[in-house]
Amino acid sequence: MYKLDNLRKLIRKGLVYRREDLAKSSKSIDRDLMNLVQEGSLKKLAQGLYYAPKKTAFGDSAPEEREVIKKYLKGDDFLITSPNYYNSLGLGTTQLYNSKKVYNHKKHEDVKLGNKVYQFRRKSKFPKQLSSEYLVIDLLNNIKSLEEDEQTLVDNLKSKVSHLNKELLKKNADKYGSIKAKKIINKLE
């Protein structure tokens, strides 16, 4: 139990841990992790990935999504996006999707982290942060997978393009767009 107490002292509420982060402090890490999970000091997100829950008036709070993905990928070079974000563009997308994509340079798989499934997609290029202009390009890149009518979305984009930074839209299309997305953007000018 003495070693378990040492491990308990290292754990900070709200943080995410990989097994190897904690293994340095325990000679029998798997047994100690199992004990910490059973007592509620840690919760398991996935194989080798844990978090220390913060207690709130509404129960245990989950860790920040960005921190979970950062630990999972062992780095912060990724972009979280979702087809739900397209609804903010005002192009007529109204469907709600139960998925999030994580563009990154390492993994290409669907992974359940906690109670959410993330679609990790390996991409050679993506911006550091989301912008409306990038979301338009991402929508056009993924337009075939959406439930909405493709032509209606393109027509709506033509009427809404004046609300976007056309220069930034063109740069995003050139840098991140598929051939089809580039053609659509070039026709808007």
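The axes of H5 and H7 come within 8 Å and cross at roughly 45°, where axes are lines fitted to C-alpha atoms, for helices over the stretch in contact, and angles run from 0 to 180 degrees between N-to-C directions. H5 and H7 are therefore oblique to each other, given that angles under 35 degrees count as roughly parallel, over 145 as roughly antiparallel, 65 to 115 as roughly perpendicular and the rest as oblique. H5 passes H7 in a right-handed crossing; a crossing is left-handed if the near helix is turned anticlockwise from the far one by less than a right angle, and right-handed if clockwise. Glu133, Tyr134, Val136, Ile137 and Asn141 of H5 make the contact with Leu168, Leu169, Asn172, Ala173 and Tyr176 of H7, contact meaning heavy atoms within 4.5 Å.

This is a predicted model, in which local features need pLDDT of at least 70, side-chain atom pairs count only at pLDDT 80 or more, and totals for chains, interfaces and linings use all residues. Residues are numbered from 1 along each chain as its sequence is written, and side-chain values use heavy atoms, with hydrogens and water left out.

Helix H5 (residues 132–141) also packs against H8, their axes coming within 8 Å and crossing at roughly 125°; that angle makes H5 oblique to H8. The crossing of H5 and H8 is right-handed, and in it Val136, Ile137, Leu140 and Asn141 of H5 meet Ala181, Ile184 and Ile185 of H8. By class, this contact of H5 with H8 has six nonpolar, one polar and no charged residues (Ala, Val, Leu, Ile, Met, Phe, Trp, Tyr, Cys and Pro count as nonpolar, Asp, Glu, Lys and Arg as charged, and the others, Gly among them, as polar).

The remaining pair joins helix H7 (residues 166–176) and helix H8 (residues 179–188), whose axes come within 9 Å and cross at roughly 155°, which means that H7 is roughly antiparallel to H8. The crossing of H7 and H8 is left-handed. Leu169, Lys170, Ala173 and Asp174 in H7 meet Lys182, Ile185 and Asn186 in H8, and the residues of this contact divide into three nonpolar, one polar and three charged.

Turning to the pocket, Leu45, Tyr51, Ala62, Pro63, Glu65, Val68, Leu113, Gly114, Asn115, Lys116 and Tyr118 line the largest one. These lining residues divide into seven nonpolar, two polar and two charged.

Definitions and conventions: On a 1 Å grid over the protein atoms alone, a cavity is a set of points where a 1.4 Å probe fits but cannot get out, and a pocket is an open set with protein on both sides within 12 Å along at least five of seven lines; lining residues have an atom within 4 Å of a point. Helices (H or I, at least four residues) and strands (E, at least two) are DSSP runs, numbered from the N terminus.
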